[in-house]
Amino acid sequence: MMKHFIFLLIFLISCSKIESQQTNAVDVPQSKILEIKSYIKDKDYNQDLAVFINFKISSGKYRYFIYDLKNDKIVQKAIVSHGSGSVTPQSNALKFSNIEGSYQSSLGKYAIGESYVGQFGKAYRLKGLDPTNNNAMKRAIVLHSFGCVPDVESQNPACLSLGCPMLSINAFKETAKLIDKSRQPIILYAFY
């Protein structure tokens, strides 16, 4: 009887590991992870952590991931909003822009900069590193929290921002702990 129990336990653990690895591959494609590892190599960025936003995933689901680059695992999942201007009427497709006043999210790599306290409380400045997001500072695109963003997944879309990636208050607190510990800027990579 005990042998059967141990076998069942080992089987369940191995299945859950396979399932979690498959989830990671879907949430954050290996190609994006490798792209970031290559990009940050020999640069003055945090080499251990990166943030990924997979805008292909619907906004009511976890699509914000803090990824441990050394151990190849997700350390935080959260819901993150996108810009109200990114919404395409009668479609699930999103559109993106780098233009001031578009209220659209921008794709590409960002360096998460210093924090400040503004109208949404603590927030982090985002410096766009690509031509698709190099107006982020001018547009005041920052990582911040907002009360309307839920902590848990649902079928309902998350509330919309003016182009900023917004997290729930609890998710933002968890993210802030990791960002504040880092001596070097952490890369955030938004893709679609």
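Select Asn98. Asn98 is buried, at 12% relative accessible area; buried means under 20%, exposed over 50%, and partly exposed in between, using a 1.4 Å probe and protein chains only. This is a predicted model, in which local features need pLDDT of at least 70, side-chain atom pairs count only at pLDDT 80 or more, and totals for chains, interfaces and linings use all residues. Residues are numbered from 1 along each chain as its sequence is written, and side-chain values use heavy atoms, with hydrogens and water left out.

Stay on Asn98. The residue sits in the loop between β3 (73-78) and β4 (108-118). Helices (H or I, at least four residues) and strands (E, at least two) are DSSP runs, numbered from the N terminus.

What does the side chain of Asn98 make a polar contact with? Show Asn134: its side chain is the partner, at 2.8 Å. A polar contact is a pair of N or O atoms within 3.5 Å; within protein, one must be able to donate a hydrogen and the other to accept it, and residues adjacent in sequence count only if both atoms are side-chain atoms. Beyond four places in sequence, the contacts of Asn98 include Ser106, Thr132, Asn133 and Arg139; contact means heavy atoms within 4.5 Å.

Next, select Asp130 and Lys109. Their side chains form a salt bridge, 3.3 Å from N to O. A salt bridge is a side-chain nitrogen of Lys or Arg within 4 Å of a carboxyl oxygen of Asp or Glu. Asp130 is in the loop between β5 and α3 (136-139) and Lys109 is in strand β4, so the pair ties together parts 21 residues apart in sequence.

The whole structure holds seven salt bridges. For another, select Asp180 and Lys122, with closest N and O atoms 2.5 Å apart. Asp180 belongs to helix α4 and Lys122 to strand β5, so this bridge ties together parts 58 residues apart in sequence. Asp180 is partly exposed at 44%, and Lys122 is partly exposed at 31%.

Stay on α4 and pick Lys177 and Glu174. Their side chains meet in a salt bridge at 3.1 Å, N to O. Both lie in this helix, three residues apart, about one turn.

Move to His144, in strand β6 (residues 142-145). His144 is buried, at 2% relative accessibility. Beyond four places in sequence, His144 touches residues including Phe120, Cys164, Met166 and Phe172.

Now colour the largest nonpolar core, 27 residues; Tyr64, Ile112, Leu143 and Leu167 touch the most other members. A nonpolar core is a set of buried Ala, Val, Leu, Ile, Met, Phe, Trp, Tyr and Cys residues joined through side-chain atoms within 4.5 Å. Elements supplying at least two residues each include β1 (49-54), β2 (64-68) and β8 (187-191). The largest share, four residues, comes from α4.

Last stop: a second, separate core of 16 residues, including Tyr45, Ile57, Ile74 and Ile187.
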